[in-house]
Amino acid sequence: MAKVISGESKDVEDNDSGNWITETLSKILKDYNPENIYNADETALFFQCLPQKTLPFKKEKCFGEKQSKARLTVMLGENTTGHQKLKPLVIGRSKNPTCFKGAKSLEVYYDFTKKSWMASEICEKWVQKLDKHLIAECHKIALVFDNCPAHPKEINLKLKNVSVFYLPPNTTSKLQPMDQGAIKNFKIHSRKGIVGKVITALENNQSMPKINLRESISEISKEWN
């Protein structure tokens with residue numbers, strides 16, 4: 001029987017989770033206040049996709065267009081109390097997208113790879129920017145990542161005000177705070193934003209809008225905030 005391929009493994013040893021909670025997490029909680037403990041994780045975002053389901057009338061056939069495969073990777077992070085969000089990192093496929101022309105600044109950090117996937121060099125650069133920002137504010141935090149290979153393991157040697165900790169392998173489904181609803185809710189709001197633009201265009205008898213990367217970045221920042 002065919003099965004849906006999941007993004008994260010749920011096969012996790014309870015001992016691994018328990019040991020991390022009693023050893024590493026207890027150390028983090030001892031050294032940092034909750035507002036200074038952050039978790040960050042990346043997710044894929046198909047920023048031009050519309051919903052795949054609708055409510056038809058009885059006996060009415062449904063037809064739709066081929067779904068867009070335009071993809072971004074978005075790194076999101078916030079603190080334990082939920083009061084402070086980190087500036088998102090967005091990874092696209094182009095170094096200098098045409099839609100960026102004339103833009104003086106972006107609401108997010110932007111980088112690129114050939115397939116718009118996370119890479120250790122990009123992750124390291126993002127954390128170092130965060131570290132410089134915190135040095136300027138005289139503020140120290142703990143940042144928890146999962147054990148993804150794209151999250152560089154030796155990065156602490158290059159940081160002053162950010163201490164990075166890692167979850168054990170295959171424990172994301174149980175221990176990753178961002179995966180307990182934060183990323184899902186962000187994606188729901190993002191999809192609602194796209195649908196809202198489409199409905200507005202249809203109500204005004206306009207053609208179907210196609211959201212470009214620059215517009216998507218504005219929406220990402222808006223929905224995350």
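**Checking the words against the values**

User: Why is Cys 148 called partly exposed?

Analyst: The relative accessible area of Cys 148 is 23%. Buried means under 20%, exposed means over 50%, and partly exposed is in between (1.4 Å probe, protein chains only). A value of 23% is in between, so Cys 148 is partly exposed. Keep in mind that this is a predicted model: local features need pLDDT of at least 70, side-chain atom pairs count only at pLDDT 80 or more, and totals for chains, interfaces and linings use all residues. Residues are numbered from 1 along each chain as its sequence is written, and side-chain values use heavy atoms, with hydrogens and water left out.

User: How do you know how many disulfides the structure holds?

Analyst: A disulfide is a pair of cysteine sulfur atoms within 2.5 Å, and the structure holds 0 of them. Take Cys 123: the nearest cysteine sulfur, that of Cys 148, is 8.0 Å away, so by the 2.5 Å limit Cys 123 is in no disulfide. Cys 148 is in no disulfide either, with the sulfur of Cys 123 as its nearest at 8.0 Å.

User: Is Cys 123 buried or exposed?

Analyst: Cys 123 has a relative accessible area of 0%, so it is buried.

User: And what makes Cys 138 count as exposed?

Analyst: Its relative accessibility is 72%, which is over 50%, so Cys 138 counts as exposed. Cys 138 lies in the loop between α2 (120–136) and β5 (141–145). Helices (H or I, at least four residues) and strands (E, at least two) are DSSP runs, numbered from the N terminus.

User: How do you know how far helix α4 reaches?

Analyst: Helix α4 (residues 182–203) has 22 residues and reaches 32 Å from its first C-alpha to its last. The expected span is 1.5 Å times one less than the number of residues. For α4 the expected value is 32 Å, and the helix comes close to that.

User: Why do we say that the buried residues of α4 line one face?

Analyst: Among the buried residues of α4 are Ile 183, Phe 186, Ser 190 and Val 198. Seen down the axis, the buried residues fall within an arc of 130° (taken from the directions from the helix axis to the C-beta atoms), so they line one face of the helix. An α-helix has 3.6 residues a turn, so residues three or four places apart point the same way.

User: Which exposed residues does the face turned away carry?

Analyst: That face of α4 carries Lys 184, Lys 192, Leu 202 and Glu 203.
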